[in-house]
Amino acid sequence: MEILIAESVGKKYFKKQALEEINLNIEQGKIVGLLGPNGSGKTTFLKIIAGLIRPSTGKIKICNRIIGQGTKEIVAYLPDSDFLYAWMKISEAKKVYSDFFMDFNENKFDEILNFMNLDQKMRVKELSKGMKEKLALALTLARDARLTILDEPLNGVDPVAREQILGAILKGFHPENAILITSHLINEIEGILDEAYFLKEGKIEFSGVTEDIRNEKNMTLDEVYREVFVC
Ligand SMILES: Nc1ncnc2c1ncn2[C@@H]1O[C@H](COP(=O)(O)OP(=O)(O)OP(=O)(O)O)[C@@H](O)[C@H]1O
């Protein structure tokens with residue numbers, strides 16, 4: 001079953017063509033990477049999927065629904081961690097999420113939090129930047145969402161935390177669902193990706209099943225990325 005179907009999606013901000021003719025499908029059970037350098041249009045695409053901005057052209061369906069309130073219920077978006085109030089304890093942030101999202105799974109949240117070595121009694125203001133990133137990720141991954149979209153989940157965290165985050169993504173993943181992740185840290189993320197789309201100046205330059213790309217080119221995804229974007 002297709003979780004996401006995007007056909008000829010384009011986005012123009014005034015004169016700037018941020019996305020052009022994006023065709024991207026995500027099947028159930030897949031973790032898909034949207035890879036590209038700064039300004040290539042990754043966040044714009046995720047914001048369209050999350051229903052935060054509208055595409056200028058094209059069609060998108062998520063589990064057969066057009067984007068709107070019906071898709072917000074089934075799409076989990078990794079938000080900026082600043083949405084949390086400083087005085088809140090992690091346990092209170094959990095309660096807010098649990099009240100707000102029908103699909104929030106408290107047991108899954110506890111498990112992921114534990115895995116990331118965070119304590120429910122800690123207050124948001126006591127958390128370092130990296131710990132806030134982990135908390136935001138735990139809140140997002142704890143939803144039993146059909147599609148989870150993660151914008152640069154490895155940014156701003158140290159190598160040990162990156163490992164924990166990758167572990168948490170896999171731990172919380174249910175094969176009925178799908179995940180779309182953006183990153184420019186290809187080396188770190190490539191191990192968990194089933195498929196990859198390389199975005200260059202708003203267009204898909206290259207895409208495929210990661211295993212096939214590696215076999216055909218006899219290169220790691222990171223090497224392919226460098227070839228596409230540096231040469
Ligand atoms: N609100 C906006 N108004 C005008 N232009 C915008 C707006 N948001 C993004 N852009 C432009 O659209 C292009 C794509 O931006 P986007 O943030 O989607 O890229 P990105 O790949 O996510 O970059 P990064 O890796 O730096 O987050 C850039 O040229 C950016 O300047």
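Colleague: Leaving aside its neighbours within four places in sequence, what is Arg-146 in contact with?
Modeller: Arg-146 is in contact with Ile-3, Cys-63, Ile-74 and Asn-177. Contact means that the C-beta atoms, placed from the backbone, lie within 7 Å. Keep in mind that this is a predicted model: local features need pLDDT of at least 70, side-chain atom pairs count only at pLDDT 80 or more, and totals for chains, interfaces and linings use all residues. Residues are numbered from 1 along each chain as its sequence is written.

Colleague: Where is Arg-146 found?
Modeller: In the loop between α5 and β7. Helices (H or I, at least four residues) and strands (E, at least two) are DSSP runs, numbered from the N terminus.

Colleague: Does Arg-146 count as buried or exposed, and why?
Modeller: Buried, because Arg-146 has 22 C-beta neighbours inside 10 Å. A residue is buried if 20 or more other C-beta atoms lie within 10 Å of its own, exposed if 12 or fewer, and partly exposed in between; these C-beta atoms are placed from the backbone.

Colleague: How far apart are Arg-146 and Asn-64?
Modeller: They are 82 residues apart in sequence. In space the distance is 12 Å, C-alpha to C-alpha.

Colleague: Cys-63 was on your contact list. What is its phi in the turn?
Modeller: Cys-63 has a positive phi of about 45°. The turn belongs to the hairpin of β4 and β5, with 2 residues between the strands.

Colleague: How do β4 and β5 run, and how many bridges join them?
Modeller: They run antiparallel, joined by 2 bridges. Strands pair if DSSP finds at least two bridges between them. Lys-61 stands opposite Ile-66, and Ile-62 has Arg-65 as its bridge partner.

Colleague: What order do the strands of that open sheet have?
Modeller: The order is β2-β1-β4-β5, 4 strands with antiparallel pairing. β2 and β5 stand at the edges with a single partner strand each, so one side of each has no neighbour in the sheet.

Colleague: And how many bridges join β1 to β4?
Modeller: There are 5, between residues 2-13 and residues 57-62. Ile-5 has Lys-61 as its bridge partner, and Leu-4 stands opposite Ile-62.

Colleague: What about β1 and β2, how many bridges there?
Modeller: They pair over 8 bridges, in the antiparallel sense. Ala-6 stands opposite Leu-24. Their hairpin has 2 residues between the strands, and Phe-14 takes a positive phi near 50°.

Colleague: New topic. Which residues are around the ligand?
Modeller: Among them are Tyr-13, Lys-16, Ala-18, Gly-36, Lys-42, Thr-43 and Thr-44. The cut-off is a C-beta atom, placed from the backbone, within 6 Å of the molecule.

Colleague: Which element supplies the largest share of that shell?
Modeller: α1, with 3 residues. β2 (16-27) and α1 (42-49) each supply at least two.

Colleague: How many of the shell residues are nonpolar, polar and charged?
Modeller: 2 are nonpolar, 7 polar and 2 charged. Ala, Val, Leu, Ile, Met, Phe, Trp, Tyr, Cys and Pro count as nonpolar, Asp, Glu, Lys and Arg as charged, and the others, Gly among them, as polar.

Colleague: Now β8. Why is it largely enclosed by the rest of the structure?
Modeller: Because 6 of the 6 residues of β8 (residues 178-183) are buried. Both faces are covered. Ala-178, Leu-180 and Thr-182 lie on one side, with Ile-179, Ile-181 and Ser-183 on the other.

Colleague: In which sense does β3 pair with β8?
Modeller: Parallel, over 5 bridges. Leu-34 has Thr-182 as its bridge partner. β7 and β8 also pair in the parallel sense over 5 bridges, and there Leu-150 has Ile-181 as its partner.

Colleague: Last one: how many residues are in the largest nonpolar core?
Modeller: 60, and Leu-35 and Leu-180 are among those that touch the most other members. Such a core is a set of buried Ala, Val, Leu, Ile, Met, Phe, Trp, Tyr and Cys residues joined through C-beta atoms within 7 Å.

Note on methods. Contact = placed C-beta atoms within 7 Å.
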